[in-house]
Each structure stands twice: as structure tokens, then as C-alpha cells.
Amino acid sequence: MTARQGTRVPARLRTGVRLFVLAAAALVTVRAIGRSLEWVLLTTTLGPTAYILLAHPHTEAAQVRSSVLGHTCAAASGLLCLAVFGLWRYPSIAEQRTDTWRQIGAEALAVGLTLFLLVLLNAHHPPAAATALLITSGIARPGPPLYGMLTGLALLITAAALLSHVPFPAKRRRAEKDG
């Protein structure tokens, strides 16, 4: 085993611990704010968004511009497809325990439209597809569920933009330990 291979596990461990702490801090903050507002702000789209923003902060997908445009395009696409398919007040797939062909069509077109817009805007953010699905499935329907999800995303994007630059203690050098 080379010296480089021997240091890989500790580096991964440090990175994993850093991501664990930062993700937990960001999501607990969002959830705590949601509790104080009596809104559900923590939805499934926040998990993959937190991962991209915190684990890969220097990629295009993690840039604030891509995150904001991605979820904005997804929300607009989802709402448009709800209107086009006549699903604005339709029960969610969670309430029905199944989906209809209209919902399937709205979901597929909302994700497709989101991806199309993200390519045109050069703002790639994969978790935005989950936002489009949450809206068109009725889980984040217009009203408090949608407002909560969008508020949660705004808080998470802001928190992650700040937290991704928090330094984490580096491995102590042997000279420092011996000195």
C-alpha cells in the first residue's frame, strides 16, 4: 500500500463527517424555521439539493444561479402542467394512492420542460426535476405545501451557500503533534 492510498480513508472520513455536520445543520435550520412558522418547509427535494450544494459546491449544478433558476423553472413548469392538464385542485397521488394518465402526462411534461429550460438557460441543477414532480403529483400543491417547499428551498440554498465555505479542521501534521 502506498502512502497515498493509506491517507484516502481518513480524507474520506473527514469529508463524510463534514458533509454530515453541514447537511444536518442546514436541514435542522430549515425544519426549525418551518416549525416556528407552522409550515412544512422540509420536503424531499431539499435532500438532493443539499447534497449537490454541500458535496460539490464548486460545480455548475451547485452554483446559486443554477439552483435558483433550476427550482424556479421546475416550479413554473409544474404549475403550467397542472393548469394545462386540469389538475389544479386534483387530489395528490399520495391521497389517491395511485395516479391517473393526466397526472402521469403532467409529471412527464413538467420534468421534460424543466430540463429543456435548464439547458437553454445553461443552469444545470438535477434536483429541480424532483421539484417539478412534487408539484405535478399534487404533493406540493398550490397553496401552503407549495409555499412551504419554495421557502424551504430558498432557505436551504442560502444556508448551503454560506455553509459550503465553512472550513473544516484539517488533518493535524505530525510535526505539530510532535512539537
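## Helix H5: span and cover

The expected span of a helix is 1.5 Å times one less than its number of residues. The model discussed here is predicted, and its helix H5 covers residues 101–121, so that these 21 residues should span 30 Å at 1.5 Å a residue. Just after H5, Asn122 takes a positive phi of about 50°.

The buried residues of H5 are Gln103, Gly105, Ala106, Glu107, Ala110, Val111, Thr114 and Leu118. What covers these buried residues includes helix H3 (64–84), helix H4 (93–96) and H6.

## Thr131 in helix H6

Helix H6, which is part of that cover for H5, runs over residues 128–136 and contains Thr131. Because its relative accessibility is 0%, Thr131 counts as buried, the cut-off for that class being under 20% relative accessible area. When its neighbours within four places in sequence are left aside, Thr131 is in contact with Thr45, His71, Ala74, Ala75, Met149 and Leu153.

## A nonpolar surface patch

On the surface, Leu13, Val17, Phe20 and Val21 form a nonpolar patch, and together they have about 400 Å² of accessible area. One of these residues, Val21, lies in helix H1, which comprises residues 3–37. With a relative accessible area of 40%, Val21 is classed as partly exposed, whereas Thr131 counts as buried at 0%.

Terms used:
Residues numbered from 1 in each chain as written. Predicted model: local features only at pLDDT ≥ 70, side-chain atom pairs only at ≥ 80, totals over all residues. Heavy atoms only, no water. Helix = DSSP H or I, 4+ residues; strand = E, 2+ residues; numbered from the N terminus. Buried < 20%, exposed > 50% of the residue type's maximum accessible area, 1.4 Å probe, protein only. Contact = heavy atoms within 4.5 Å. Patch = residues over 30% accessible without salt bridge, like charges linked within 9 Å, V, L, I, M, F, W, Y side chains within 5 Å. Areas by Shrake-Rupley, 256 points an atom, 1.4 Å probe, with all protein chains shown as cover. Salt bridge = Lys/Arg side-chain N within 4 Å of Asp/Glu carboxyl O.
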